[in-house]
Amino acid sequence: MKMITRRAIFLWIMCILFVGGLGFMTFSLVTNSDDWVMKPYNRHIYKDGQLVAAGAIKDRDGVVLSETKDGKRVYNENKDIRMSTLHVVGDTRNFISTGVQSKFESELVGYNLFSGVYNINKNGGGNDISLTIDSEVNKVALKALGNKKGTIAVVNYKTGDIVSMVSTPTYDVNNVPSDINKSEEYEGVYINRFFRGLYTPGSTFKVVTSISALENKGDSVYKEKFKCNRVFDVDGIKEDEIICNARHGSISFEEALAKSCNIAFSQIAIELGPEKLANTVEKLGLTSPVKISNNIVTEKGRFYLKPNDADALVGWTGIGQGDTLVCPASMLRLMCAIANDGKAVPFNLVSDIKDAAGKEVGFKQKDDEVQLLSSDVASKMKDLMRNNVKKQYGDSNYKGLSLCAKSGTAQIDDVDEHNTAWFVGFMDDADHPYAFVVVAEKGNSGSKTAGPMANKVLQAVVEQDKK
């Protein structure tokens, strides 16, 4: 009898282990099957480590950017389109890890848990992905950047659609340079600088300091006058002196933003203190990643101010010259929020995914709209940034754009030519609701270098809208 009982217990244990193992295998299949299928040794999808069996990637007008032909992955026949959309599309070996061919790999090949790779074998490819990108505008953006490393991106701040996104340096996938992994010219070539770049923000950070002042001091900040004698002796230590770009004399808050007065904004930052500045930075999402079309996550910014930090560091931080680092995608999201009553809509890169029969498959952009700042503060910032263009940058340099903007010249060392040039903002135009960011490494001046780049791209966006 005891023998029978022991056998029964043993059988029950074996059954439990079997069911548990089956459950674990089922769970692993459901959760990890995509990863298993997408391994480079899967000959249904890869050849010599390169993606070959997948659907087409198209721009918003249906222009094919990448597709599979005769068992080979091919790109658009136009070299400028290939180079300007490289970081959006990605390469066949996934060196550009944030490209659509990498981040939407399983959707692109058409794999699913029930049919497996059947559709791939049957159709010679998978699902087609349509993007929000306009390849013609991307060509203009690439040309505008010229030989500068950096990024340009334009987003519809009402819908979140990314209309243009270029990162440089880039290369032609049909003619990969032999020295791509050795030459300084191609340093960081596999990084999408819009998604993963981190830069000292320079005077664009004065937008953040302005928001913090409006939120914590209210309208009283408009009544204040700041005295700028070009040099601000913060603590009696010469190395800590804050230098301005000019001797502005007595200057108001509005004038200080337009003229980008370092003295005024360092004084505002010191008065606010590190905690209030840090709270504003966190609230505005500058230290948080931006999620794009569910699958792509951008780099988080860095902000290091602590409650007991010295006034000199607080002052330098308030003008964007401290240790702060900002991702261009996060700065662009802030511009979208200012333009859109304080609300930042989710960014879209993928508009739809369709199978070989033209039927939409299960892709839905997550609706995670975020209120980054109040409608009142957003309205005031819009007026201030519009004033920047009217009084400082010149509407004549941005004809017909109704531009609201802020430039930034981030000093990297003592050589002006090494400065990182920024230009950020948006069009205050219901028919053309676009926000933009331009970052040009070794660009010297934000307004003189990055500003004209922004103008060329935005004019191209407006022209495309008219077609």
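In which loop is Pro169 found? Keep in mind that this is a predicted model. Pro169 sits in the loop between β8 (162-168) and α8 (193-196). What makes this spot worth a look is the backbone: going from Thr168 to Pro169, the peptide bond is cis, and its omega is near 10°.

Ser293 isn't a glycine, yet its phi is positive, at about 50°. You'll find Ser293 in the loop between β13 (291-292) and β14 (296-297). Is Ser293 buried or exposed? With a relative accessible area of 0%, Ser293 falls under the 20% cut-off and therefore counts as buried. Asp341 also has a positive phi, near 55°, and again the residue is something other than glycine. This one belongs to the loop between α15 (328-339) and β15 (343-344). Asp341 has a relative accessibility of 38%, so it counts as partly exposed.

Now for the sheet. Strands of a sheet pair through backbone hydrogen bonds, in either a parallel or an antiparallel way. Here, 5 strands make an open sheet with antiparallel pairing, and the order is β8-β7-β20-β19-β18. β8 and β18 (403-410) are the edge strands, since each pairs on one side only. If you ignore direction, neighbouring strands in this sheet are turned by 5° against each other on average.

Zoom in on one pair inside it: β19 (residues 420-427) and β20 (residues 434-440) run antiparallel to each other, joined over 6 bridges. Phe426, for instance, has Ala435 in β20 as its bridge partner. Helix α17 (residues 446-466) packs on this sheet and touches β7 (150-156), β8, β18, β19 and β20, with a direction at about 35° to that of β19. Helix α16 (residues 375-393) lies across β18 and β19, and runs at about 75° to β18.

Last stop, a helix pair. Two packed helices are described by the angle between their axes and by the distance between those axes. For α9 (residues 206-217) and α12 (residues 262-272), the axes come within 10 Å and cross at roughly 45°, which means that α9 is oblique to α12. The crossing of α9 past α12 is left-handed. On the α9 side, the contact includes Lys206, Ser210 and Ala213, and on the α12 side it includes Phe265, Ile268 and Glu271. Sorted by class, this contact has 5 nonpolar, 5 polar and 3 charged residues.

Note on methods
Residues are numbered from 1 along each chain as its sequence is written. This is a predicted model: local features need pLDDT of at least 70, side-chain atom pairs count only at pLDDT 80 or more; totals for chains, interfaces and linings use all residues. Side-chain values use heavy atoms; hydrogens and water are left out. Helices (H or I, at least four residues) and strands (E, at least two) are DSSP runs, numbered from the N terminus. Buried means under 20% relative accessible area, exposed over 50%, partly exposed in between (1.4 Å probe, protein chains only). Two strands pair if DSSP finds at least two bridges between them. Axes are lines fitted to C-alpha atoms, for helices over the stretch in contact, and angles run from 0 to 180 degrees between N-to-C directions. Contact means heavy atoms within 4.5 Å. Angles under 35 degrees count as roughly parallel, over 145 as roughly antiparallel, 65 to 115 as roughly perpendicular and the rest as oblique. A crossing is left-handed if the near helix is turned anticlockwise from the far one by less than a right angle, and right-handed if clockwise. Ala, Val, Leu, Ile, Met, Phe, Trp, Tyr, Cys and Pro count as nonpolar, Asp, Glu, Lys and Arg as charged, and the others, Gly among them, as polar.
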